[in-house]
Amino acid sequence: MKWPDHICFGGDYSPEQWDEATFEEDMRLFKLAHVNLLTLPVFAWAKLEPEEGVYDFAWLDRFIDRIWQNGIQVCLATSTCSQPAWLSRRYPEVLPVDIEGRKRTHGMRAFFCVNSPKYRERAAALAHEFGKRYAHHPALAFWHVSNEYGTKCYCETCQKKFRRWLEKRYGSIEELNARWNTAFWGRTVYDFDEIMLPTACNDDYRFQPAIELDYQRFVTDTTRECFLNEAEVLRSYNPEIPVFTNISGFIKNLDQFAMTQVQDAAAWDNYPAPGEAPHIAALKHDVMRGLKGGRSFILAEQSPNQQNWQPYNKLKRPGEVRRLTYQALAHGADTALFFQMRQSAAGQEKFHGALISHAGHENTRVFREMAQLGGELERLGGCFLGSRVGARTALLMDWENWWALENSSGPSRDMDYLDMLARYYEALWSGNVAVDVVNPREDTDYSRYSLVVAPMLYMTRPGVAETLCGYVRQGGTLVTTTMSGLVDENDRCVFGEYPGKLREMLGIWVEETDALRPEEHNGMRMLKGGLPEGAYACDFLCDLIHLRGAEAAAEYTDDFYKGMPVVTRNTYGQGTAWYIGTRPSGKFLFDFFSMLGSSLGIGCEVCADPGVEVTFREGEGKTLFLINHNGEEASAAIPEKGYVDLLSGKAVEGKCTIGPGEVLVLGKTKR
Ligand code: GLA
Ligand code: ZN
């Protein structure tokens, strides 16, 4: 597989929207900005195939050749995200039906049914045209299939296909009835053809968590097929070119661990909301790196400036794009791609930021900042590409768990899996503990981790709990929380005391769970476990825990369960299993992980001021990224000798300072 040997810098460009003179001017500007890759044509199906089976690629041939003559590579997009009007008109089956049962009409992009045979036929035919023409073009770096998949469709085709999908999964209707526990509310089905998609018409998406869960799996499975429908065509022309589709941030609709299994790289679009705390983007990057087991990923899009679709589209502050870009690289990105290179003349995104704004020239703040960044990335070359982040802490994340947890009615309407993950992540991140995001499966190997953190691991699929118990028995440390170990892969509750298969390892049992209103809270008084004395606040959910071998590390301070354990610690085999039966304050999590971090030796070797993000990427050499998120100067102590500032070439040793909002990238060759 060909992987670029330099940081790809550039992004989405739509030559189909511009005349030749503008295009030539853009080539000049791209050179000034050090752009070395263009993603195109993401939405040009209508121009490429103006009539069924009639193709016009001559214009694209010309553009790609000119781009390459200018020394710029291309990430070729198959353009299948917005089908041409003739396709929707001649074959209405390609149009999706929404959850309310409304048949959508032609218009919006991503308005197609991933299961439509006609859509798939025409998309594959288009991919063949791309493959034939460009698979061996010297400019080609990546294939980009469609754009930000994620549509849920409820059409007749999907309905029928879902029934066959269930038949294959469960074998018999009796098995399905048992797995879905249809005896509840008299929902027994006698034939697969009686199964309806969970729509707003039957409210099954709210009242039948088991059917909704399987539908969500089905959407992922069939979207994956839809991706492969094109990807396999492209691969048949040249297996050396990486194929991906770009993930829209943290999209819940698709299990990205499953999606990226069939992609050559994970690729994602980073659009932080203005003012969003920096650990959120860090977590998302770590998720993306985790999707392919720690391999570097593609940062497929971010905005060079404001967006247009936030309620208030604040400008990116001076230095912000640079900081965000280095943060992505620090967490495992090998590219720095942007949406978009030139601001469109009209349409929904006319006010979305771009490298080249409507002003049309290089004399803008954004252009200058981007050009400076492009120059820096060029200087960095490929020194850390393909390298790994050597984390010894794993944070478990699972899409099926996310769906099941939030489909569930009760105990609280405020169930928010990502928010909980982000709280745990923030505590680790602010101590600069490197984290790998890991998908818990039966065969997950946790042996390289000193610490595994599993917030709200509600669903334990077959083998998952056993593997975690094995990890602890052999000396690992696990931290898990309220809402863990409660259901199986069909959302059926465990019998014989919560938290099910995790109970023995944790040395506790949970009798009840109290849900607090948003304005309510309880307190946690520390007992043992090395935590500072005193109390911390907690809220959201409070488990009523009984000890069965574990010791209480903290107890509740209020309510009728005052004095009952809230945090427990159990020695299990050679290892330790912690249980946090509530949602503790950020302060508690920070102190808790500082304590664990020092006892497990997983802390960061660089001691830095608060607000300085420190990460390493390790390959043939070692690269150290220091990102100062503060509005004032900060410092860090580099314990190891031999580092060089990769941008200035100067040696760096001992204490170094980082300007407000600035970044340091240090490199060292390994001995
Ligand atoms: C998404 C899409 C792009 C563009 C940007 C705008 O990420 O993939 O085509 O619409 O949003 O922010
Ligand atoms: Zn459909």
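The lining of the largest pocket receives at least two residues from each of α2 (45-48) and β7 (267-269); helices (H or I, at least four residues) and strands (E, at least two) are DSSP runs, numbered from the N terminus. This is a predicted model, in which local features need pLDDT of at least 70 and side-chain atom pairs count only at pLDDT 80 or more, while totals for chains, interfaces and linings use all residues. Residues are numbered from 1 along each chain as its sequence is written, chains are lettered from A and ligands numbered from 1 in the order in which they are written, and side-chain values use heavy atoms, with hydrogens and water left out.

The largest pocket holds about 1,200 Å³ of space. It is lined by 49 residues, and F43, R109, N147, E148 and E349 are the closest to its centre. On a 1 Å grid over the protein atoms alone, a pocket is an open set of points with protein on both sides within 12 Å along at least five of seven lines, whereas a cavity is a set of points where a 1.4 Å probe fits but cannot get out; lining residues have an atom within 4 Å of a point. Grid points are joined across faces, edges and corners, and a volume is the space filled by probe spheres set on the points. By class, the lining of the largest pocket comprises 21 nonpolar, 19 polar and nine charged residues, where Ala, Val, Leu, Ile, Met, Phe, Trp, Tyr, Cys and Pro count as nonpolar, Asp, Glu, Lys and Arg as charged, and the others, Gly among them, as polar.

Attention now turns to the ligand. The residues around ligand 1 include F43, R109, N147, E148 and E349, each having a heavy atom within 4 Å of the ligand. Polar contacts are pairs of N or O atoms within 3.5 Å; within protein, one must be able to donate a hydrogen and the other to accept it, and residues adjacent in sequence count only if both atoms are side-chain atoms. Polar side-chain atoms lie at 2.7 Å from a ligand oxygen in the case of E148 and at 2.5 Å in the case of E301. For W309, an N or O atom of the side chain is 2.8 Å from an oxygen atom of ligand 1.

The second largest pocket contains about 840 Å³ of space. Its lining consists of 35 residues, with F257, Q261, N439, R441 and R461 closest to the centre. Here the classes are 11 nonpolar, eight polar and 16 charged. Because domain 1 (265-386) and domain 2 (393-600) both contribute lining residues, this pocket lies between them; the domain bounds come from an automatic or database domain assignment.

Seven cavities of 30 Å³ or more are found in the whole structure. The largest cavity has about 120 Å³ of space and 14 lining residues, of which H331, V433, A434, V435 and T615 are nearest its centre. β22 gives the largest share of this lining, three residues.

Some backbone details remain. Most residues other than glycine have a negative phi, and most peptide bonds are trans. The bond from F339 to Q340 is cis, with omega near 15°, and Q340 is placed in the loop between β9 (335-338) and α13 (365-380). Y498 and P499 are also joined by a cis peptide bond, with omega about -5°. M456 has a positive phi, near 40°, and lies in the loop between β12 (451-454) and α16 (464-473).
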